[in-house]
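Here is a short briefing on a protein chain and its ligand. The points below are grouped by topic.

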Amino acid sequence: MSNQPHTTTTIPYIAGDGIGPEIWQAARPVIDAAITKAYGQSKRIDWVEVLAGEAAYTQAGTWLPEATIEAIKTHKLALKGPLTTPIGEGFRSLNVTLRQTLDLYACVRPVRYFSGVPSPLKAPEKTDMVIFRENTEDVYAGIEFAVDDPQTKTLVELLANQFQVHNIRFPEDTALGIKPISISGSQRLVKAAIDYALAQGRQTVTLVHKGNIMKFTEGGFKNWGYQLAESAYADQCFTMNQYARLQQSAGEAAAQAALTKAKTAGKLIINDVIADNFLQQILLYPEKYDVIATCNLNGDYISDALAAQVGGIGIAPGANINYSTGAAIFEATHGTAPDIAGLGKANPCSMLLSAGMLLEYLGWQEAADLITGAIEAALTAQQVTADFADLLPEATCLSTQAFGQWLTDSILD
Ligand code: NAD
């Protein structure tokens, strides 16, 4: 019998800048151990390093080599550490560039509580959400005009003369930004959230928006989301838009009865919340929210706020996915943490849980579960990195590498 693995999957990885290399070095043996434990020799990942960020700049003279983008396009998947945002080097952000170049339109961030993690909340276990943040549009598209750019003046004049826009408060010294939000972009994101919620047996998808003020862009996002749910998922979803229409046409009791019937039938409920209210709601009633679909900027704020509720960005995983092409980059959601880089204080859990999402995406659920289980075991045993040890007086503080070793040993035990 051959000793060769049956399935070897090649995955490019970007170790990243700052704490990136240390969390990658701690995480890789844990991921490999989980695969070996789950599948013996029958599955294996062949990790191939690709460059981006400071390492790329030093070795190849560019922050994001074409070869890196080509490798990710070829293999469709990648695991990524944090990258420094170059200042004044032509890139707004390497992360945003990667997402836009590969059209990774859904930023997926699961937020759940791990028992034992220090949290500012009284009942952090009530937070269990998955955020679907639109990744390619909104003010994040980077369509901005600087205050001293002559094009800005031209645009201000065009808006005044051709479009009768006279409410730019200080037209002589303003910068401008443009916020594209499209039907196509909104609906493919909401579709991803609904498909996920249906596949995972989740109860609700909440569209988070600021449509009360930005009626055509964020209001559009909400309306197009509801329209998609009502047209493409009529048998599987009930929307609060339908509820509101019934309320108006047939009264409150009829609307309530339809909602109850939909819930009893196991339908997915689609509702919406205005973004500022949502930031209150997630603190006051986190248990009411499940899968979240939102525009790019809101998603950025919401992701960090929710990550903080369950213990901070050291333990927050993420994925950027194009569900049509299958391309996806899985990444630790925090930055390069220059304040602790090289000190062995970084928590590798966000990288590890992102790798767990990658394994799930490959259908290697057993290996993903082993990683999650090992992290849970470490927290139960109060074996933690410095970020948590500072808040847990009884815990043993391990270096990044030693923590990784603890997890590997616990998986292979
Ligand atoms: P940051 O996330 O790097 O750090 C914020 C705080 O969280 C710091 O105190 C840091 O020590 C701590 N922290 C972050 N990750 C941690 C971990 N794994 N374990 C323990 N503590 C951790 O945010 P920043 O300081 O605003 O950004 C630094 C750099 O990272 C900037 O260049 C920024 O542009 C970049 N950045 C990159 C990404 C990415 O690559 N996805 C995301 C955000 C910021």
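In this predicted model, a backbone N or O atom of T336 sits 3.0 Å from an oxygen atom of the ligand. The protein covers 67% of the 820 Å² of accessible area that the ligand has on its own.

**Ligand shell**
- The ligand is surrounded by 21 residues.
- The closest are L83, T85, N95, G335 and A337.
- By class, the shell holds eight nonpolar, nine polar and four charged residues.

**Annotated lysines**
- An unreviewed UniProt entry lists K80 and K222 under "modified residue: N6-succinyllysine".
- These positions span 143 residues in sequence, and their farthest two C-alpha atoms are 31.4 Å apart, so they do not all gather at one spot.
- Of these residues, K80 is included in the lining of the second largest pocket.
- K80 belongs to strand β3, which runs over residues 77-80.

**Domain layout**
- The domain assignment gives domain 1 as 1-108 + 320-412.
- Domain 2 is assigned to 119-139 + 180-310.
- Domain 3 is given as 144-177.
- The centres of domain 1 and domain 3, taken over C-alpha atoms, are 43 Å apart.

Terms used. Residues are numbered from 1 along each chain as its sequence is written. This is a predicted model: local features need pLDDT of at least 70, side-chain atom pairs count only at pLDDT 80 or more; totals for chains, interfaces and linings use all residues. Side-chain values use heavy atoms; hydrogens and water are left out. Domain bounds come from an automatic or database domain assignment. A residue is near a molecule or strand if one of its heavy atoms lies within 4 Å of it. A polar contact is a pair of N or O atoms within 3.5 Å; within protein, one must be able to donate a hydrogen and the other to accept it, and residues adjacent in sequence count only if both atoms are side-chain atoms. Accessible areas come from the Shrake-Rupley method with a 1.4 Å probe; for residues, only the protein chains shown count as cover. Ala, Val, Leu, Ile, Met, Phe, Trp, Tyr, Cys and Pro count as nonpolar, Asp, Glu, Lys and Arg as charged, and the others, Gly among them, as polar. UniProt positions are given in the numbering used here, feature names are shortened, and annotations may be inferred rather than shown by experiment. On a 1 Å grid over the protein atoms alone, a cavity is a set of points where a 1.4 Å probe fits but cannot get out, and a pocket is an open set with protein on both sides within 12 Å along at least five of seven lines; lining residues have an atom within 4 Å of a point. Helices (H or I, at least four residues) and strands (E, at least two) are DSSP runs, numbered from the N terminus.
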